[in-house]
Amino acid sequence: MSLPKFILGDNTDYPDAIFVIHTEFPRFIINLENDEVEWFEDFNEEDQRELKTETENAIKLATVFYDREIAKYDE
């Protein structure tokens, strides 16, 4: 099965939270309510330095994805 790069998620235990799930490496969930990120990958310090730009870009793209999806509801 082919998964989309980003998926929107919600949970009734967190009624104000908006989650975006990033399904490609580096995989994570971001809570857009507070910008908290939960990684599915384990990174050592060297990995963190090497992936810094890639992870920052993926988080920005998650926000862009959310804004684009919400704009579709406003149409």
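These legends accompany several close-up views of a predicted model. Residues are numbered from 1 along each chain as its sequence is written, and side-chain values use heavy atoms, leaving out hydrogens and water. In this predicted model, local features need pLDDT of at least 70 and side-chain atom pairs count only at pLDDT 80 or more, while totals for chains, interfaces and linings use all residues.

View 1. Helices (H or I, at least four residues) and strands (E, at least two) are DSSP runs, numbered from the N terminus. Follow the sequence along and you will read the pattern β-β-β-β-α. The C-alpha atoms fill a box of roughly 45 × 25 × 25 Å, taken along the principal axes. Of the 75 residues, 24% count as buried; buried means under 20% relative accessible area, exposed means over 50%, and partly exposed lies in between (1.4 Å probe, protein chains only). Taking contacts (heavy atoms within 4.5 Å) between residues at least 6 apart in sequence, 29% join residues at least 24 apart.

**View 2. Strands β3 and β4 form a hairpin.** β3 covers residues 28-31 and β4 covers residues 36-39, and the two pair in the antiparallel sense over four bridges. Two strands pair if DSSP finds at least two bridges between them. Look across from I30 and you will find V37 of β4 standing opposite. Four residues lie between the strands, and D35 in the turn has a positive phi of about 65°.

**View 3. Helix α1 has a kink centred on L51.** The kink is about 60°, where the bend at a residue is the angle between axes fitted to the seven residues ending there and the seven starting there. The end C-alpha atoms of α1 are 42 Å apart, which agrees with the 44 Å that its 30 residues should span at 1.5 Å a residue; the expected span is 1.5 Å times one less than the number of residues. At the N-terminal end, N44 caps α1 with a side-chain oxygen 3.1 Å from the backbone nitrogen of E46. The buried residues of α1 are L51, T55, A58, A62, F65, Y66 and E69. Their cover includes β1 (6-9), β2 (19-22), β3 and β4.

**View 4. T55 is found in helix α1, residues 45-74.** T55 counts as buried because its relative accessibility is 12%. A polar atom of the T55 side chain lies 3.0 Å from the backbone oxygen of K52. Leaving aside residues up to four places away in sequence, T55 touches P26 and W39.

**View 5. Aromatic rings make five pairs in this model.** Rings of Phe, Tyr and Trp (its six-membered ring) pair if their centres lie within 6.5 Å; planes under 30 degrees apart count as stacked, over 60 as edge-to-face and the rest as tilted. One of the pairs joins Y14 and F19, with ring centres 6.0 Å apart and planes at 85°, so it is edge-to-face. Another edge-to-face pair is W39 and F43, with centres 5.6 Å apart and planes at 80°. Y14 is partly exposed at 49% relative accessibility, whereas F19 is buried at 16%. W39 is partly exposed, with a relative accessible area of 27%, and F43 is partly exposed at 21%. F25, F28, W39 and F43 form one aromatic cluster.

Notes: Polar contact = N/O pair within 3.5 Å; in protein donor to acceptor, adjacent residues only side chain to side chain.
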